[in-house]
Amino acid sequence: MLDSFPILLLFPLLGAAICGLAGKRLPERAVGAIACSAVFASFLVAAASFFELLGLSPEQRVRVVEAFTWIQAGDFASSASFLFDPLSSLMILVVTGVGFLIHLYSMGYMQGEDGYYRYFAYLNLFIFMMSVLVLADNYLLMFVGWEGVGLCSYLLIGYYFKERFAGDAAKKAFIVNRIGDFGFLLGMFLLFSEFGTLAYLDVFESVSALSPESGFGVLSLITLLFFVGATGKSAQIPLFTWLPDAMAGPTPVSALIHAATMVTAGVYMIARSSALYSRAPDTLLIVAVVALATALLSALIAVAQRDIKKVLAYSTVSQLGYMFLACGVGAYTAGIFHLMTHAFFKALLFLGSGSVILAMHHQQDLFKMGGLRKYLPWTWATMGIATLAIAGFPFLSGFFSKDEILWEAFSSPYGGPAFYAVGALVAGLTSFYMFRLMFLCFHGSERIEMGEHHGDDDHHAQGPEKQAHHDAKPKEPGMVVLLPLVLLAVLSFIGGWVGLPPWLAETNQLHHFLEPSFQYKYSLAAAGEHHGDHTAMELTLAGLAVALGLVGFLVAYWSYIRDPELPQRVSTRFAGAYQLMRNKFLVDELYDALFVHPLQWISRNILWRLMDASIIDGLVNGTAALVQIFSQMARRMQTGYVRSYAAWVLFGTVLIFVFYFTS
């Protein structure tokens, strides 16, 4: 199976084709079953290949399969080749595994929606493109998947295309990502001009002989351009504004984009390029600083949001900041570790929020919920596990991955105490806004107001049926919706045990497994850098991060359970700061003022009215008017009288003689 792993790409592609071309004439259950089976088949192939890879010695855990020669032009050649190594195998398991659970959940959540077949066709296509991105063995093929997931996100975010907000959100995601993609393209051009190839292994072998750059050289420029691409795809400053707006799509789409697929692409690309980044310390510093700023800014915004999905969206941006922080301090394995655990608990949080939204008839305002625990016990329990995981509760998945990042941020030669301090502060904020969400949603007094209309996906009942639908009490969704929640809750609980730290296990199994994928990374240990015996310090820092998480929990508990009037008093006392966070630090407004409005003014007044209407249209219309004038003059010569024509002949003859004798 290991040598045939590329066949896993065919299943979602085939599923997308069947659902898209024939799905309209098939029952909903058949469409859902086809789409789910396609992704599950890919997961089975990925799992079989993974376990076969696991049975090999570390030096044998890199397999390349060439499908065909894709481009051959002069000195440039590129193949459609696929790479299966520890890093890509872990990623493809996350993509297809979590992707399958989201497909399964969608069968229940999207029931009765217009365009049900279209939805699953897009979803399958998304999995196919993400699989191409993950399994590609060169940057050009990765870019195909990179653009493919961008297209699929546009289609899925704009799924409710009849609503203007959905179209606007889809366009925003598409355009913002194109800005980042421009950086990725320039990085590829520069990489090819420098190394003459875009194949990972060839590039990494060439760069392995180099030492880290002492200044801002060509490797720094290549990696910085790649990072520009990553900021767009993985929503980092300054290209993060599209991700919260992507909530316009159906909730399972949010789970897929935020957890298992698109937003992880940037982190994966940087980890895959560790051979380059580890030799570009200036870029690493930029990555770490941008990541910390993104994590802190988005966590502060999440604190003041009322919409349940917006809280989770800014949480994703913040957690992505953690992953980039890990990459920025050279701890690529820690970044991938957090990517994996985040996929479990963030998918669970989004799917759980979808369960709440269904039960509340599409009400998404947290301040119009409360006391839902007794109506939705399963949703409460599973979301509670995910909340504990993301808050860093000891021995849950998020605890191990986040604390490894914080430790690396503190101890790495590329990090320092300031990096740890900001990261730990974000951990406290994360705990606060996640328990705030849980308390407002499931605990305290009932403030239930069923949704009359919402912005996203209320397209089910109509007329009296709709009224009865809205009058009903909240209740748990069906088993097809609950089953993925339970499975993800199990993964959120135990998923971090594959990367136990040295103070709990003799060997970090995840580090050991991923080593072959980072064999070309510049080794700091080889250069004399080593952490030494640090168990006491690591435990101290882990305890401090847990204590900050506990503080976040207690503040949330006091504010929303013991003294529910406290948030109102605080927001009134610090109205300026609260409104700034509530309005997302006016980043969208700033972009509008700096870029959107000036571009609109230039487009309207210079490109349209001056260039298009006055100059281009003026030239075309002026030429036509001139031809018309000459045509009118020529028409007057056609009188139909012989004497008139004879006079014109005589006039012409005289002109010829005059010209002849005077020239």
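Contact means that heavy atoms lie within 4.5 Å. Among contacts in the protein chain between residues at least 6 apart in sequence, 81% join residues at least 24 apart. The model is a predicted one, in which local features need pLDDT of at least 70 and side-chain atom pairs count only at pLDDT 80 or more, while totals for chains, interfaces and linings use all residues. Residues are numbered from 1 along each chain as its sequence is written, and side-chain values use heavy atoms, with hydrogens and water left out.

**Overall architecture**
- The protein chain holds 26 helices and two strands, taken as DSSP runs (H or I of at least four residues for helices, E of at least two for strands) and numbered from the N terminus.
- Taken along the principal axes, the C-alpha atoms fill a box of roughly 115 × 70 × 55 Å.
- Of the 663 residues in the protein chain, 53% are buried, that is, under 20% relative accessible area with a 1.4 Å probe and protein chains only.

**Helix α5 with helix α6**
- Helix α5 (residues 139-157) packs on helix α6 (residues 164-195) at an angle of about 170 degrees, with their axes 8 Å apart; axes are lines fitted to C-alpha atoms over the stretch in contact, and angles run from 0 to 180 degrees between N-to-C directions.
- The pair is therefore roughly antiparallel, a label for angles over 145 degrees.
- Residues in this contact include Trp 146 and Tyr 154 of α5 and Phe 174 and Phe 184 of α6.
- By class, the contact of α5 with α6 has 17 nonpolar, one polar and four charged residues, where Ala, Val, Leu, Ile, Met, Phe, Trp, Tyr, Cys and Pro count as nonpolar, Asp, Glu, Lys and Arg as charged, and the others, Gly among them, as polar.

**Helix α8 with helix α11**
- Helix α8 (residues 218-233) and helix α11 (residues 265-272) pack at about 155 degrees with axes 7 Å apart, which means that α8 is roughly antiparallel to α11.
- Phe 226, Phe 227, Ala 230 and Lys 233 of α8 meet Ala 265, Gly 266, Met 269 and Ile 270 of α11, and these divide into six nonpolar, one polar and one charged.

**Second largest pocket**
- A pocket is an open set of points on a 1 Å grid over the protein atoms alone, where a 1.4 Å probe fits, with protein on both sides within 12 Å along at least five of seven lines; lining residues have an atom within 4 Å of a point.
- The second largest pocket is lined by 34 residues, of which Phe 432, Arg 436, Ser 559, Tyr 560 and Pro 567 lie nearest its centre.
- The lining comprises 22 nonpolar, eight polar and four charged residues.

Definitions and conventions
Parallel < 35°, antiparallel > 145°, perpendicular 65-115°, else oblique. Buried < 20%, exposed > 50% of the residue type's maximum accessible area, 1.4 Å probe, protein only.
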